[in-house]
Protein chains: 2
Amino acid sequence: MPASTVTLSIDAMGGDYAPESVIDGVDRLLKAGMKARFLLFGDRARLMPLLASRPRAEAGVELRHTDDVVSDAAKPSAALRQARGSSMRLAVEAVRDGEASAVVSAGNTGALMAMAKVLLRTLPGIDRPAIASVMPAAQRPVVMLDLGANAECDATNLVQFAMMGAVFARAVLGIEEPTVALLNIGTEAPKGDDVVQEAAARLRAGELPIRFEGFVEGTGLMAGSVDVVVTDGFTGNVALKVAEGTARLIVDRFKDMLNDSLAARAGFLLAKRSLGRLKGKLDPDRYNGAMFLGLGGVVVKSHGGANAAGFANAVKVALDLVDGHANERIEHDLKRFATPVEGAAC
Amino acid sequence: MPASTVTLSIDAMGGDYAPESVIDGVDRLLKAGMKARFLLFGDRARLMPLLASRPRAEAGVELRHTDDVVSDAAKPSAALRQARGSSMRLAVEAVRDGEASAVVSAGNTGALMAMAKVLLRTLPGIDRPAIASVMPAAQRPVVMLDLGANAECDATNLVQFAMMGAVFARAVLGIEEPTVALLNIGTEAPKGDDVVQEAAARLRAGELPIRFEGFVEGTGLMAGSVDVVVTDGFTGNVALKVAEGTARLIVDRFKDMLNDSLAARAGFLLAKRSLGRLKGKLDPDRYNGAMFLGLGGVVVKSHGGANAAGFANAVKVALDLVDGHANERIEHDLKRFATPVEGAAC
């Protein structure tokens, strides 16, 4: 294995379908030719049989036994204290210790963020890390942040999120000069609260090297009118989950309708291939992999309910961020614009 | 006409397709047998020809000429000062003066709210009016508020919104004991910011006669897990528009897919009736009509882009609120729980 191969640290025990979905996800990536080394943290007794039946995965991973698993119900503070030997914690420590370039986990989000903050530290100049991910939208995929790390944000947080979101879009979507907007309740200048107004004023003043396009509404977000949409973690989390819930509602209603009549069912069979392709385009697995931005290491969170394909996508996001030098770029931009971007945290 | 017939005041000039959509909407309602009297405010020169070709509407309305129209771009403060003779202002004044029991407008939302606050006043004990509407969700229609009147809210505002939302659900959806929840970024007790935590504590303490169910996430909102979902105007507006945008995205993608192949198109034709019914169930017109809650009069805002069917639905909402004594119920509940519900505005 050449020295330049990236090593990824994997929490094999986090997520609803772990460890099966994790091992299958890694197996898929190796089959597809991904050039990476995998450090797998988890229960040897459960992982060994899964690896035994997947020789490619068995050959491509290094297994590290852990006794504990962080439960989904665990409070972040408790997970930090109690689960010192958990698969999640050891996977994050591998990044801290320089053994791996990024960590991927489908486990408890709050616990992962707490461990990442304590073990990897927040980057100098960043007041708070944010969770960013790619959402499907009409005109293009859109990077949205914060998706729930910070329920309350001030203008400084939003300005820093804008910068980190632009870097994420460059690294993951390959867009050289991403357009960025603040999520708001109107596109006119005086709309919204003081926080978005102040953040907009500072972004308009050009304190960051980004293409700031002002405000977008919820409709503009889903239309994909810009590359990066910035908001506080409360609004972002609600927006993400409303989009998920609406998509599920419409697809379910549609299925009910098609089952209603024989003619509709016959039509459904004829349209089946198109429906399959539609599902693929909107498939949450295709967009799985949220990055914790602003930390001293690359941390990617997979959806807890992700299957093997979804987990594999989250690992791809991690590799893209490492290959795209996302963290180095954030640090570079931060240094360049350190004085105006810094400010008092809320 | 019996003395008990409700009189509704209509801004005939507000909205993208006014006055045609307004006159057609009223005509539809009269055709369907609605027992109401309509006071129509607008430009006589434009309204007379439309009424001349619709004898039923011509017989059922009383026309009041107005010279001015509030533009969509007008700032609320400017609309209040300048457009003293606008169709919107005179329509609201008809409620203030006791000539009508409710007003319906598809015009500028901010201007309508400003006029309603100045002319009808906020109810005693309510710090801020809120905008409420019914959204389609999987298990049932859901009342959501605030949809954008208040970008920033404190716990007292949210508690008052919960009470007003429950009254709205009783009046419009006919649910005797509606379940109510706060929109949040998790359903566990410690999630979210201080404002939702304090509001939840007060609602759990039972200071209002409502069935409080704790928190729902964005997915729970669209699943329809409760009857009433309460949030601040920033989050509510974003959630509403993300749902609209997601629905449009999926339906458009679906149409593109169906047009992709001959088999799919044939299937589409067979499934057409079912698709039509799906569209009907999710049709925003069916859910058109947002109420401004907490004012000394019933004010219903139609979507600016509503067609005749949509405008007619908004008028139906207004009549339901009058018939259901929505405002009297809010005043009654407020008096009963005046002391704990009142508090300092944010």
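A residue is called buried if 20 or more other C-beta atoms lie within 10 Å of its own, exposed if 12 or fewer do, and partly exposed in between, with C-beta atoms placed from the backbone. By this count, 56% of the 346 residues of chain A are buried. This is a predicted model: local features need pLDDT of at least 70, side-chain atom pairs count only at pLDDT 80 or more, and totals for chains, interfaces and linings use all residues. Residues are numbered from 1 along each chain as its sequence is written, while chains are lettered from A and ligands numbered from 1 in the order in which they are written.

Chain A has 15 helices and 11 strands; these are DSSP runs numbered from the N terminus, helices being H or I of at least four residues and strands E of at least two. Two residues are in contact if their C-beta atoms, placed from the backbone, lie within 7 Å. Of the contacts in chain A with a separation of 6 or more, 73% join residues 24 or more positions apart.

Confidence comes next. The mean pLDDT (the predictor's confidence in each residue, from 0 to 100) of chain A is 88, and 87% of the residues reach at least 70. Over residues 339-346 of chain A, pLDDT stays under 50. Where pLDDT is low, the predicted coordinates should not be read in detail.

Now take strand β4 (residues 102-105) of chain A. Ala102(A) and Val104(A) point one way, Val103(A) and Ser105(A) the other, and all are buried. Strands pair if DSSP finds at least two bridges between them. β4(A) pairs in the parallel sense with strand β1 (residues 6-11) of chain A over 3 bridges; here Val103(A) is the bridge partner of Ser9(A). β4(A) also runs parallel to strand β11 (residues 298-301) of chain A, joined by 4 bridges, and Ala102(A) has Val298(A) as its bridge partner there.
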